[in-house]
Amino acid sequence: MRVSLKWLRDYVDITAPHQELAERLTMAGLAVEAVESPGEGIEKVYTGKILQISPHPNADRLTICRVTLGQGEDLDIVTGAANVREGHVVPVAVEGARLAGGLVIKKSKLRGVESRGMLCSGQELGLDTSVMPPDQAHGIMLLDPSTPLGLDIKGVIGLDDTILELELTPNRGDCLSMVGVAREVASLLGERLRLPDTSAEGSGRGIEGLARVDIDDPGLCSRYVARLFRNVKIGPSPGWMQDRLRAAGIRPISNLVDISNYVMIELGQPLHAFDYDTLKDGHIIVRRAGKGEKMVTLDGSERNLSEDMLVIADPGGPVAIAGVMGGLATEVTEKTVNVLLESAHFNPVSIRRTSRVLGLRSEASLRFEKGVDPVTCLKAADRAARLLLEIGAGEVAPGAGDNYPVKGAPKTIVLRPGRVEHVLGVEVPGQETVSILKSLEFTVNDSGGDLLVSVPSHRQDVSLEEDLIEEIARMHGYNRIPYTLPSGSGTMGARTPRQSLEVAVKDFMTSLGLNETVTYSFTAPATLDRAGLPPDSPLRNVLRLQNPLSEEQSIMRTLLIPGLLEVLQRNASRRATDLGLFEIGRVFLPTGAGQLPVEKQVLAAAAMGSAPSGWNRAAQPHDFYYMKGVLEALLDRFGLRGCSFVREAGHSLFHPGKAARVTAGETVIGVIGEIHPDVLENYNLPQSAAAMEVDFEALAELSGRPRKYRPLPKFPGIERDLSLVVKKDIPARDITRTIRKHGGQYLQEVRLFDIYHGGQVPAGCQSMAFSLKFQAGDRTLTDQEVNGWMAKMSEALAGQFGAGLRS
Amino acid sequence: MEQKLQYIQARAMEEMSGAGSLEDLNEVRIRYLGKKGELTGVLRGMAALSSEERPRIGQAANRVRAEIEARLEERMSQLKDSLREKKLSAETIDITLPGTVFSTGKLHPLTAVTRQIEDIFLGLGFSIAEGPEVEMDYYNFEALNLPKEHPARDMQDTFFITPEILLRTHTSPVQVRTMERTAPALPVKIIAPGKVYRRDDDATHSPMFHQIEGLVVDKRITFADLRGVLQVFAEKMFGSETRTRFRPSYFPFTEPSAEVDISCGMCGGEGCRVCSRTGWLEILGCGMVHPRVLEMSGYNSSEVTGFAFGMGVERITMLKYNLDDMRLLFDNDVRFLAQF
């Protein structure tokens, strides 16, 4: 809402400086987003009359205008504008003038002819062309010919004004009007509110018998007021009205439209004007649209109406979509003679629904949606009649067709002073409470204890005691309320074990060198294909957004890894190819129609390239074993013992030979692997990458197991190395198992420390070197005992795997 | 004889001083003190001396021996020291070479800020509650006093899955779920961090972003308590000199409602580019829990009161790190991530 202070002063005296007023409004809940001074910086621009126009000797497109400012010598000014004629009164910038944007006018020669100033367009004076009449939006601004000459232009076109841009909250529909804002200002400044003059008796035959209003659906229209204007002369509205509309951000169109808009801005009540002579029988019927009914609206489009839309009809059919848009057939045109003016109250929800379905939002529908004041309907129609008479644009028929089927009684609320203190935590003196409410036009019945408060009809947002408490608090001043801390039952603030685990896991992952990412929960359907998911994959069962911003963000993710691959790709395209990432986030797994999905928290990581070499260290490739190392470290750190890695050849994201499922007992807790070459290609990744995804909930559950102390060994252990030559396709895990099985009860540690191919190792084989540690808790073992176990072990390994010992 | 002893002593001293290594020194020792050494030879020849001379010469010879041995010891330790010094000096390394690289990753700035906020409220006795990101219309809107067709639904442009299921537009549904779960027990004292979604995408809006909700419900919770808690939060989060300002506002689920500004940390409230010359930065919305919300969630609004607040983590993160484009937070450029 743009509030012109010049206009606002019609209703309330403002003594406070603009900035202070803006601050006080903001602190009372009417946020002032900006304070504009449109004429600021404009100097030495005056009203001038064009006496004579002569051609420019050297240029076809330029003319020389002799201009008088009413005093002093006449000025010859060269202009390129084509819309000026002799006798026009226009803004004239003289030598030394300053225009909007800081342009300074100097005496200059244009194609050899001296020009002593400039004729100005509205734009050059800082007006917004979107709120100027089309014929004035381009070219020199033409002023009323009766305008006195030599006046400072700022006062003439309303630039000597200050505009407050209000950002109103949805509950304060009442402040979408000058009077509504003035009421707040009056209350804040302790001034009296002056309401506009609405007396318009009219003349000639009364409206009775000429127009009739029937309301079929009082639930959707609680009041409909009609007034009749006769012999209207359609033409431009006076300059003062145009200036005010422009200041409010509304383009002046013609006197009748301008009056409607003026009253809407002034009182908050939208009006609609019909060409009375196009209405059948002068009979207005407010009803729901019939099934399949159609009408052509003002903008020339044919609209399909439905039964839940409210229309204004005459006996011949719909003539307007109530509160949303008028019909073309009954539009006021230059030929219109008689006008029926509508001022009505429509159901906010109905207007909102209809305007949304039709995609038509306007200043009017916006106000109806927030709820206008039914009491104002008649006043607004009268005010329009009054203005019509004031500007001499027509005659007014006495009386109004006022159908007011649903008269709501004023709401009454009991306000307990104790409750005010209970909610706010501060005692507001009773006298202050009463005077605040009264200044906002609440009626207060103070019988000593509780207050009986009646809500004025324009405050439809107030219905509870708490609403009144807010009124008191905001006018008293939120910032005068003290700071305290909640008393009462003490609570312990702590993270749950799972929340703590999340914190710890994130810290741990970063300590391993991975950066945390946050990616969108939605993704493109194409992601499922890029991830190579087979048609029957359960992960293709996704939640779809009904109204996504784009196809790229139209489904909820069922996997985290693709998001990380996108991040890898984005970084690779910026030449960052050695990196590791992780994320903890949710995946969304649909359950059934009408049901919320399962949201599973998942830990995912992805890495590409290598941890770069240093001068004293070789590069560490980000391959399967790197990722496995990360996961093993994580499992170890968070106490998940005995997890196994099982070959997983069927996961589309991963290289079939370089992937595994990770299981803890029966539970699969995750997958890990190098990314499938096809997927790498789909994501346009320049080199191989490895990734994993782990069920965080499972991790949380398993890591919560209590740990118990084991006594430290008291007797020294014996260490032995074991080197084997075995076929390459024998999994290390199988060998380790056999070693453990035959190594006797005191074998405590089996560690693979080297793998070697080539040299004397036969083709297809590899040499594996293990370090073993034997230790007993109750005595020192002897070499002989250990030799025995070593021999058994070798025998078993030779038997099972054909393993040869290597010395 | 005595002269010879003096001569031996002088020569031995000189040779010991001249010895450049432990080996040389050892040779000197053998030459004078060894079994066939010169001094040993002198002592051996004492038998030929007269009985008057013998004790005198014997004494002199022993003194010479003691002096040589002392010098020998001293010289040996000197040589050892210089040897050690040489060895250490040969082992000197370039301490300006970089250390062995342990690459460390960074927490995402949103996580870092969320955690900081969580920790402040944990310290004030709040617990952390969570709720679904895909939510029922009921919890996201209706139970928060936002019936269908409520104009305030426009404030939050919503992604829908079905007409009744949507992506939550704020973390406030966690308020309702928590109260439903807890009622009629008291107190409720939670914060609820999490992802939320709105149909908006530009430099200052992201279709997915993060909020932290707060809720306190108890027998005597007041607006003054809300002010106190948020003032403490502002001081802990933005520095002890930070001031707060409460502006009346509107949320359907609170009454009275407020928006909270903090004094601009850049200019200290003087007015600068960051705060659009106002001296204030808006950081959150809050208010007293609307009685209808309390009732719908199972509390008797005449017996209990509560306050709630909600803040955007991105907004606070951007203020904290002076970011100008929200999209940086979701782009995950490692050059960006590594800065935090």
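Arg574(A) pairs up with Asp333(B) in a salt bridge, with 3.0 Å between the closest N and O atoms; the term covers a side-chain nitrogen of Lys or Arg within 4 Å of a carboxyl oxygen of Asp or Glu. Between chain B and chain A the count comes to nine salt bridges. This is a predicted model, in which local features need pLDDT of at least 70 and side-chain atom pairs count only at pLDDT 80 or more, while totals for chains, interfaces and linings use all residues. Residues are numbered from 1 along each chain as its sequence is written, chains are lettered from A in the order in which they are written, and side-chain values use heavy atoms, with hydrogens and water left out.

As for the interface as a whole, 94 residues of chain B are in contact with 87 residues of chain A (contact being heavy atoms within 4.5 Å). Together the two chains bury about 7800 Å², with 53% of it on carbon and sulfur atoms; buried area is the accessible area (1.4 Å probe) that two parts lose on being put together, summed over both. Glu149(B), Arg227(B) and Pro248(B) supply 9% of what chain B buries against chain A, more than any other three residues.

On the side of chain B that touches chain A, helix α8 (residues 223-238) gives the most, with eight residues; helices here are DSSP runs (H or I, at least four residues), numbered from the N terminus. Within chain A, Lys154(A) sits in helix α4 (residues 153-156). Leaving aside residues up to four places away in sequence, Lys154(A) touches Gly39(A), Ile42(A), Leu159(A) and Asp160(A). A polar atom of the Lys154(A) side chain lies 2.7 Å from the backbone oxygen of Ile42(A).

Key. Helix = DSSP H or I, 4+ residues; strand = E, 2+ residues; numbered from the N terminus. Polar contact = N/O pair within 3.5 Å; in protein donor to acceptor, adjacent residues only side chain to side chain.
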